[in-house]
Amino acid sequence: MKLLLMAILTSMIGLCTSESVTNLKLIDAGVSKDDIMIITTSMFILKMCLPIFVTKYTTGPKPISLYLKLMPARLIWSIFFALLIYYTPSVIQNNEVPMYYYLVMGLVFAVNRVLAQIMVTCMVAFFSRISDIRFGGMYMTLLNTVRSIGWVIPNTSFLKMVDTLTFSSCSNDVTNSCSTPDLENICRINDGNCETIVDGYYVEVVICLVIGFVWYAVYKRHLKFFESKDRSHWLLDLNQPGNV
């Protein structure tokens, strides 16, 4: 059980950058907040409707197998987010966003949302399958809480790490790293601009990809083993507290 909880707790680390930082980077790249809000709202509508169509694929005897099949695809999809952000400044000219860009951005977000929702449904289906029905929703709540913690903490951490992993330099003074607001002001006073040398977002994308595939390699066999266990394996033994 401890190994399962550890797998759940760390399962989302590889997806953190694409989920938590992408919207902010798009805004920095020139996409308006209103456009981001429209896309995000559309994804919520998709999120609500999607379970109707995917339930029959996620309620079978092997929901974790489907989850594991989709994990590499979702990890690789973070590269498409990085490419979208990389080319956004060159696409947006004079604050005018071409229509095809909205279509591409919507497609990238929609595919990610479909993958994410199917994976969430698979995980919840697995939680439901292994939960001891004698304890009502307590078992499910515990598992979902662990998953939520494994989502919130890495998201917050990677969001804060972006600036740390970003390296800049003043255009007319290479000794000025623009690492603090004061250094940025000095650069501007001297008629310079702080130019990004290494963008922390792309560094984090690579880090998350590595972590994600390492997680996949380490826990794939274990999760399939847990999935193969009969439901009775997960029942709590009331005669031996703490022994699952």
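Reader: Which residues does Met 119 touch, not counting residues up to four places away in sequence?

Author: In this predicted model, Met 119 touches Tyr 67, Leu 70, Met 71 and Arg 74 once residues up to four places away in sequence are set aside. Met 119 itself has its place in helix α6.

Reader: Is Met 119 buried or exposed?

Author: The test is relative accessible area, and a value under 20% counts as buried. Met 119 has a relative accessibility of 1% and therefore counts as buried.

Reader: How far apart are Met 119 and Asn 144 in sequence and in space?

Author: Met 119 and Asn 144 are separated by 25 residues in sequence, and by 13 Å in space from C-alpha to C-alpha.

Reader: Why do the buried residues of helix α1 line one face?

Author: The general idea comes first. An α-helix has 3.6 residues a turn, so residues three or four places apart point the same way. In α1, residues 2-10, the buried residues are Leu 4, Ala 7 and Ile 8. Viewed down the axis of α1, these buried residues fall within an arc of 95°, so they line one face of the helix. They pack against α6 (99-130), α7 (138-165) and α9 (200-228).

Reader: Which residues of helix α3 are buried, and against which helices do they pack?

Author: Helix α3, residues 22-29, has Thr 22, Lys 25, Leu 26 and Ala 29 as its buried residues. The arc they cover around the axis is only 105°, which puts them on the same side of α3. Their packing partners are α2 (16-20), α4 (33-58), α5 (63-91), α6 and α9. After α3 comes Gly 30, whose phi is positive, near 120°.

Reader: How is the crossing of α1 and α7 described?

Author: One reads the approach of the two axes and the angle between them. The axes of α1 and α7 come within 7 Å and cross at roughly 40°. The two helices are therefore oblique to each other. From α1, the contact is made by Leu 5, Ile 8 and Leu 9, and from α7 by Leu 143, Val 146, Arg 147, Ile 149 and Gly 150. By class, these are six nonpolar, one polar and one charged residues.

Reader: At what angle do the axes of α5 and α9 cross?

Author: Their axes cross at roughly 175° and come within 9 Å. An angle over 145 degrees counts as roughly antiparallel, and α5 and α9 are therefore roughly antiparallel to each other. The residues of this contact divide into 22 nonpolar, three polar and three charged.

Reader: How many helices and strands does the protein have, and in what pattern?

Author: There are nine helices and two strands, and along the sequence the pattern is α-α-α-α-α-α-α-β-α-β-α. The C-alpha trace spans about 75 × 40 × 30 Å along its principal axes. Of the 244 residues in the protein, 39% are buried. Among contacts between residues at least 6 apart in sequence, 79% join residues at least 24 apart.

Technical notes: Residues are numbered from 1 along each chain as its sequence is written. This is a predicted model: local features need pLDDT of at least 70, side-chain atom pairs count only at pLDDT 80 or more; totals for chains, interfaces and linings use all residues. Side-chain values use heavy atoms; hydrogens and water are left out. Buried means under 20% relative accessible area, exposed over 50%, partly exposed in between (1.4 Å probe, protein chains only). Helices (H or I, at least four residues) and strands (E, at least two) are DSSP runs, numbered from the N terminus. The arc is that of the directions from the helix axis to the C-beta atoms. Contact means heavy atoms within 4.5 Å. Axes are lines fitted to C-alpha atoms, for helices over the stretch in contact, and angles run from 0 to 180 degrees between N-to-C directions. Angles under 35 degrees count as roughly parallel, over 145 as roughly antiparallel, 65 to 115 as roughly perpendicular and the rest as oblique. Ala, Val, Leu, Ile, Met, Phe, Trp, Tyr, Cys and Pro count as nonpolar, Asp, Glu, Lys and Arg as charged, and the others, Gly among them, as polar.
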